[in-house]
Amino acid sequence: MRPLISLCAAVLLLAGCATRLDPHDPARAGQSVSFVNSLSWTHALTGKPDGMRTAWPLDTMRSEPATEPFPLTQVKQCDSAGICRWGIVKARRTAGPARFVPGGVALEIEVAVNVDRHQEMRRPELQLAMSIPVDVSALRSDRLVKRALVLEYGIVHHIELDYGISFKACVQRLDAARQPVDQCAIEYY
């Protein structure tokens, strides 16, 4: 009889733990959360806005930070005489760990952006290199921005960087059908 009582006690204890969800976790209402972010810049050749926007399930960032490299790209800056300097951008974003707070999510964000004459990206599935010719003036910048943020659902947070490069972050809840409850006004490129 004792093993049955112990088994019943363990089941009740586990059931009690399962109902102790974080009081701010949207999962209590059958929702999930998506971390939406982008890195944007002005396209060096067309002068039009360009960038990369991604969305990650917040569950992937709850216990461990998630790092995302952005593709190599070019930027340029011209003076009033029309003389331009060019640079190759190498950037990555790390976000997390994340925790739910009233009305949003708290997390650490780190954005690293390096602009130089030559950049390389080496990953198992991709090896890429870009260079600015030696007879062209080059831009140079190395920025690492670290912020502890509280992102309210549907509100976009901006981090401005050098040479017109911008990072945007937002969190949005999704209902059980994976439809947005909140809108993150971050452009698609």
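Trainee: Which side chain meets R62 in a salt bridge?

Mentor: First, a bit of housekeeping: this is a predicted model, where local features need pLDDT of at least 70 and side-chain atom pairs count only at pLDDT 80 or more, while totals for chains, interfaces and linings use all residues. Residues are numbered from 1 along each chain as its sequence is written, and side-chain values use heavy atoms, with hydrogens and water left out. A salt bridge here is a side-chain nitrogen of Lys or Arg within 4 Å of a carboxyl oxygen of Asp or Glu. With 3.9 Å from N to O, the partner of R62 is D25.

Trainee: How many residues apart in sequence are the parts that this pair ties together?

Mentor: Helices (H or I, at least four residues) and strands (E, at least two) are DSSP runs, numbered from the N terminus. R62 sits in the loop between β2 (49-57) and β3 (66-78), and D25 in the loop between α1 (2-18) and β1 (32-42), so the pair ties together parts that are apart in sequence by 37 residues.

Trainee: Is D25 buried or exposed?

Mentor: Buried means under 20% relative accessible area, exposed over 50%, and partly exposed in between (1.4 Å probe, protein chains only). R62 has 30%, so R62 is partly exposed. D25 has a relative accessible area of 13%, so D25 is buried.

Trainee: How far apart are the closest N and O atoms of R92 and E110?

Mentor: These two form a salt bridge. R92 is in strand β4 (residues 84-101) and E110 in strand β5 (residues 104-116), 18 residues apart, so the pair links distant parts of the chain. Their closest N and O atoms are apart by 2.9 Å.

Trainee: Which residues is L161 in contact with, leaving aside neighbours within four places in sequence?

Mentor: L161 is among the residues with the most contacts inside the largest core. Contact means heavy atoms within 4.5 Å. With those neighbours left aside, the contacts of L161 are L39, V111, V113, R143, V145 and F167.

How values were computed. A nonpolar core is a set of buried Ala, Val, Leu, Ile, Met, Phe, Trp, Tyr and Cys residues joined through side-chain atoms within 4.5 Å.
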